[in-house]
Amino acid sequence: MGHKIFQIDTSIKDTQDSYTRQTGQYFIRKFQERFGQLEVSYLDLAKNPPSYITAEWYNAAMIPPRERSVKQNQILLHPNMQALRDCDLWLFDLAGYMYDAPASFKSWLEHIVQVGLTIDVNEQPILKNKRVVVISSWNESEDEIMPALGFEASIRKSMKHIGVSDVSFFNIFNADGIAVTKDDAERAINKYICDLQL
Ligand SMILES: Cc1cc2nc3c(=O)[nH]c(=O)nc-3n(C[C@H](O)[C@H](O)[C@H](O)COP(=O)(O)O)c2cc1C
């Protein structure tokens, strides 16, 4: 059986100008070279930003699926989060905006906590054996961005909340002087994929 990857792009730039879009595509290409048949479930948040969650959304998300009304089921259809269940590797290509992930991604992230999808009625995580790969790109140096204090920490905690602890980051820093180039990130991705045991 082939593998399934859920890929999210966030950059407002086209692929030719976007480090995260290009590096995300590189990841997919390398993964395919190593593991063969691959299905990609793709979401472009720059083109299809999700709505913000609301009280109605929360009331729908926090009750068991069998208790939801037709309207509540409809509310939970957008964005469609089924790829979280279907795919075992999630690839988040995150442009660095205002020392954080793009707001579209934060908004999407708030949709992930749903009873029956990612947590049970006791708010315990129900996902198992999922992996997350985050690719990010910045115009400043690592020292200035400090991802461990920025979205890296919140993404790790958000993922842990739904049962995902295998989270890997590949950050590109395009600052003068100290730089982690796209080539450096690609080399690290290559190693990650070579070492991956599926
Ligand atoms: C709205 C906006 C905010 C940005 N904020 C930051 C920032 O806080 N720190 C930084 O280093 N670069 C910042 N940048 C630059 C981007 O991080 C950089 O261009 C990165 O390569 C974006 O990813 P992309 O190449 O995939 O589009 C910002 C760019 C935009 C458009």
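1. Beyond its neighbours within four places in sequence, S104 makes contacts with T10, L45, A46, P49 and P50. The model discussed here is predicted.

2. S104 lies in helix 5, which spans residues 103-110. S104 counts as buried because 21 C-beta neighbours fall inside 10 Å, and the cut-off for that class is 20 or more. Its C-alpha atom is separated by 18 Å from that of V133, a residue 29 places away along the chain.

3. V133 belongs to the largest nonpolar core, a set of 30 residues. V133 is also among the members that touch the most others, together with F27, L91, F92, L94, V134 and I135. Elements giving two or more residues to this core are strand 1 (3-9), helix 1 (19-35), strand 3 (89-95), helix 5, strand 4 (131-138), helix 7 (151-161), strand 5 (166-173) and helix 8 (182-195). Strand 3 supplies the largest share, six residues.

4. L94 deserves a separate entry. Not counting residues up to four places away in sequence, L94 touches T10, T20, A101, P102, F105, V134, I135 and S136. T10 is also on the contact list of S104.

5. The ligand has 16 residues around it, of which S11, T20, A95, G96 and E140 come nearest. Helix 1 and strand 4 are the elements that give two or more residues to this shell, and the largest share, three residues, comes from helix 1. By residue class, the shell divides into seven nonpolar, six polar and three charged. T20, one of the nearest residues to the ligand, is also touched by L94.

Terms used
Residues numbered from 1 in each chain as written. Predicted model: local features only at pLDDT ≥ 70, side-chain atom pairs only at ≥ 80, totals over all residues. Helix = DSSP H or I, 4+ residues; strand = E, 2+ residues; numbered from the N terminus. Buried ≥ 20, exposed ≤ 12 C-beta atoms within 10 Å, placed from the backbone. Contact = placed C-beta atoms within 7 Å. Core = buried A, V, L, I, M, F, W, Y, C linked by C-beta atoms within 7 Å. Near = placed C-beta within 6 Å. Nonpolar A, V, L, I, M, F, W, Y, C, P; charged D, E, K, R; others polar.
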